[in-house]
Amino acid sequence: MPPPDSASARSSLPLAATLIADPTPSPTSAAPPPNPLAAASSFLHHHLSRLASHLTAPRPALAAAATRAPGPQDASLSLALAPDEVARALTGTPVFTVCNSNNEFVLVSDPGTGLRSLGLLCFRSEDADALLTHVRTRQPVLGRGAKVVPITLDQVYMLKAEGIAFRFLPDPLQIKNALELKSGLTGFDGVPVFQSDLLVVKKQKKRYCPIYFQKEDIERELTKASKSSRGSALSKQIMVGSLEDVLKKMEINERNSGWDDLIFIPPGKSLNQHINEVSA
């Protein structure tokens, strides 16, 4: 998804991590979901069945990563966007994770990738609730004080830049919406995001290219921006990409290339509403 031409409180941020890992990895764990349009409960079960179950000792958050995030580590030596600049575009979008009673991330292992310290982040609070139930069932001692904690994507990105590995659990409805827009595909890799050239605006001498996490939000904005377009005509104006791919491109592209104009719109909000909130 190329650019068009030309906040949770900090106190909710987990400070460390504790790991639960599967002692008997499944040889088929790396396979993609067989039915990406399945019900949300089946969607979540597919991911959870690949992950958590054996508790090990807590570890500091900065030691939890298998790899560091790509991208420049010193903005003075590169024209590419610095991590804090990428994070700023993500401000205000909440995701949900599970922490133990000590406010530590509950981490999992993924046999499919070999990562043994992986934080799960859900785009829907109900999926995080299901993850919490899974933790309490598989590890009653850990689960006794565990809770669902909100954290914003800009916070997540800065933790990732410090070396913590995360796996997103996208909204299955938005996976379905993305597949409907990209006809011919039977699966979608990553968190779907939606963009349209018609919604690029310039405010206060700054250019904004909005990226939406929900198809319903971008359709609502397009309806207001282009009253002549309805139904299937709206869908033709929408481009689909993945959050992970967009972030990678933001990390490797230079300032003033168009990628620094991106702004991610939290679910349920409009571009104007979000700009006013982050500018306040």
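Domain bounds here come from an automatic or database domain assignment. With those bounds, the second largest pocket takes at least three lining residues from each of domain 1 (80-169) and domain 2 (171-279). Keep in mind that this is a predicted model, where local features need pLDDT of at least 70 and side-chain atom pairs count only at pLDDT 80 or more, while totals for chains, interfaces and linings use all residues. Residues are numbered from 1 along each chain as its sequence is written, and side-chain values use heavy atoms, with hydrogens and water left out.

Let's stay with that pocket. A pocket is an open set of points on a 1 Å grid over the protein atoms alone, with protein on both sides within 12 Å along at least five of seven lines; a lining residue has an atom within 4 Å of a point. The volume comes to about 360 Å³, counted as the space filled by probe spheres set on the points, which are joined across faces, edges and corners. Of the 18 lining residues, Arg 88, Ala 89, Lys 206, Asp 260 and Leu 262 sit nearest the centre. By type, the lining splits into eight nonpolar, four polar and six charged residues; Ala, Val, Leu, Ile, Met, Phe, Trp, Tyr, Cys and Pro count as nonpolar, Asp, Glu, Lys and Arg as charged, and the others, Gly among them, as polar.

Which element gives the most to this lining? Helix 10 does, with four residues. Helix 2 (83-89), strand 11 (206-212), strand 13 and helix 10 (271-279) each supply at least two. Helices (H or I, at least four residues) and strands (E, at least two) are DSSP runs, numbered from the N terminus.

Now to Asp 171, in the loop between strand 8 (165-169) and helix 6. Is Asp 171 buried or exposed? It counts as buried because its relative accessibility is 14%, and buried means under 20% relative accessible area, exposed over 50%, partly exposed in between (1.4 Å probe, protein chains only). At the start of helix 6, a side-chain oxygen of Asp 171 comes to within 2.9 Å of the backbone nitrogen of Leu 173. Helix 6 itself (residues 172-181) has buried residues including Ile 175 and Leu 179.

Strand 4 (residues 94-99) is mostly covered too, with five of its six residues buried. Strand 4 pairs with strand 7 (residues 147-152) in the antiparallel sense over six bridges; pairing takes at least two DSSP bridges. Phe 96 has Pro 150 of strand 7 as its bridge partner.

Notes: A polar contact is a pair of N or O atoms within 3.5 Å; within protein, one must be able to donate a hydrogen and the other to accept it, and residues adjacent in sequence count only if both atoms are side-chain atoms. On a 1 Å grid over the protein atoms alone, a cavity is a set of points where a 1.4 Å probe fits but cannot get out, and a pocket is an open set with protein on both sides within 12 Å along at least five of seven lines; lining residues have an atom within 4 Å of a point.
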